[in-house]
Amino acid sequence: MAEVSAMMIRACCNFVAKTSVLDVKRSDSRLSVIGRTVWCDRGRMKGSVVTGVKAAMQVDLEDDERLKRLDGLEATLGLDVVAERELKEKGFLGMRKTKFVCTIGPACCAIEDLEKLALEGMNIARLNMCHNKKEWHYDVIRKIKKLNEKGFCISVMIDTEGSQIHVVDHGAPSSVKVEDGSNWLFTAEKFEGSRPFTVQASYEGFSEGIQVGDSIVIDGGMASFEVMEKIGNDLSCKCTDPGLFLPRAKCSFWRDGRLVMRKHESPTLSSKDWSDIEFGISEGVDFIALSFVNSADSVKHLKSYLSAKSAKSVRVLAKIESLESLQNLEEIIKASDGIMVARGDLGVEIPLEQIPAVQEEITSVCRELNKPVIVASQLLESMVEYPTPTRAEVADVSEVVRQYADALMLSGESAIGAYGQKALSVLQIASSRMELWSREENTKHFLPQHQLGVSLHDRIAEEICNSAAELANKLSVDAIFVLTKQGHMASLLSRNRPSPPIFALTDDDSTRMALNLQWGVFPLRIDLSDDIEANISRGIELVKSKGLVKQGDFVLMVSEISPARAASMASQSIQLKSIV
């Protein structure tokens, strides 16, 4: 066993009060060290604590007897092979913290192509249920699971199609180039296969309220048409803006520069969506992205359904892609497990010049409420056809990273593009560079935290993580290790965007896969016992045996144990360890 010198800050609370109420205001900690004692003066923390609730902070040396408890504990360490390689090549501070989501499509569905994306840093594989049949998706999921057996850690996300009123299809198996001035018929007639210059709408009343002269915009601007004539329920149209027309594309109608708002009773989740969700549950997917969310109710309904139907925990992400979703933004974020900023569809419903400010606002609110956020759509759109991005696209990617979004997403760039791996490489280089530039700024400017916790236990966990992140930055520790069952403490640490990487040690596979989406968190699979100190010691021994930490490294350990697991005692601790 390796010798470890440790300094520990421990917060203990005995929950024996009848009704404990603590009104805590956010405040800065003033930390002083005298000999072996750490005093934490939270002089501006206001509130009242009823009799029977007590808190103590102390410093203690690691007891060697703890190491003896490790005998007989079986454990396995599951760190993604790409993260492990990056750590060994670049060191702790060189590890990329922004996560990557790749949409899987015909251009990258072979096992060899998927492995190339994994080696380039793909953290989450997204399957868009608008395209392809379930057999195709099943095959891709099998391939992802095979890659995970080889040491990768790739989560799987399915993205629901959403309301059919938004979908049109030209029937071809792949994208079609639309030429300027070409004439097309948009029809609600049902037929198999494809017809020349004919687009089939999925919703029978798609043309209701549409007038001659209105514009049809495909996928947020990939191509545009002008309505020349109404023929019954069909629309005869001429292409005014040529471009790429994808299968099962989303469309919107415009008149005099404004979106044509049409009332319809179509639910957020269609019958096809429910079928796709059942498929996702049976295949054990990790995330479900819910399209066209306009209120928190649809998110709550799906989460309730998943809780009853799924044996594993499946996280629900809400896609913000409509004006109505912006109007109910905070309630949607609170109800969801994460957010996807679908800039393409959102840009159809609000003026283009508002997109940057709206994107930054969504990212900021998600961070305040401790929900991961993915920024998606047209990050490197030119790389669908060309091997290098525009400089403006690289600047866009860098700005998203500067805003501390949790993840960046490739759509057509990876799904149908010829240069998916190169596009991912561009994300890697741009993200790493911006993270390096932002690090010094991050140590000086902390985001004013929105208090999340309601119960005393949750508030203590929140304050522990806030203090731990600040301590890690001020003391320039090499890494943060957190022991967590459900990922809550790891997400609270991530919310603070500390400079060191966060290694989350958990024995729950669902938690491990969910943490793939959290900024700066690298999940590890490890067997945990009920003994916090034994878990910490075991964790240190395992990561050292893998060569992830070495003599002289200075690490911070954060641990949690819930009241349910420890009867009346709830405990979190921060330990500063120098590996010797």
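This is a predicted model: local features need pLDDT of at least 70, side-chain atom pairs count only at pLDDT 80 or more; totals for chains, interfaces and linings use all residues.
Local features were considered at pLDDT of at least 70 and side-chain atom pairs at pLDDT 80 or more, whereas totals for chains, interfaces and linings use all residues. Residues are numbered from 1 along each chain as its sequence is written, and side-chain values use heavy atoms, with hydrogens and water left out.

A pair of aromatic rings is described by the distance of the centres and the angle of the planes. Rings of Phe, Tyr and Trp (its six-membered ring) were paired if their centres lie within 6.5 Å, with planes under 30 degrees apart counted as stacked, over 60 as edge-to-face and the rest as tilted. By this rule the count comes to 10 aromatic pairs. The ring centres of Trp184 and Phe225 are 6.2 Å apart with planes at 70°, so this pair is edge-to-face. Because Trp184 lies in strand 10 (residues 183–187) and Phe225 in strand 13 (residues 223–231), the pair ties together parts that are 41 residues apart in sequence; strands are DSSP runs of E with at least two residues, numbered from the N terminus.

Trp184 also forms a tilted pair with Phe245, at 6.3 Å centre to centre and 40° between the planes. Phe245 lies in strand 15 (residues 243–245), so the pair with Trp184 in strand 10 ties together parts 61 residues apart in sequence. Trp184 is buried at 7% relative accessibility (buried means under 20% relative accessible area, with a 1.4 Å probe and protein chains only), and Phe225 is buried at 0%.

Technical notes: Helices (H or I, at least four residues) and strands (E, at least two) are DSSP runs, numbered from the N terminus. Buried means under 20% relative accessible area, exposed over 50%, partly exposed in between (1.4 Å probe, protein chains only).
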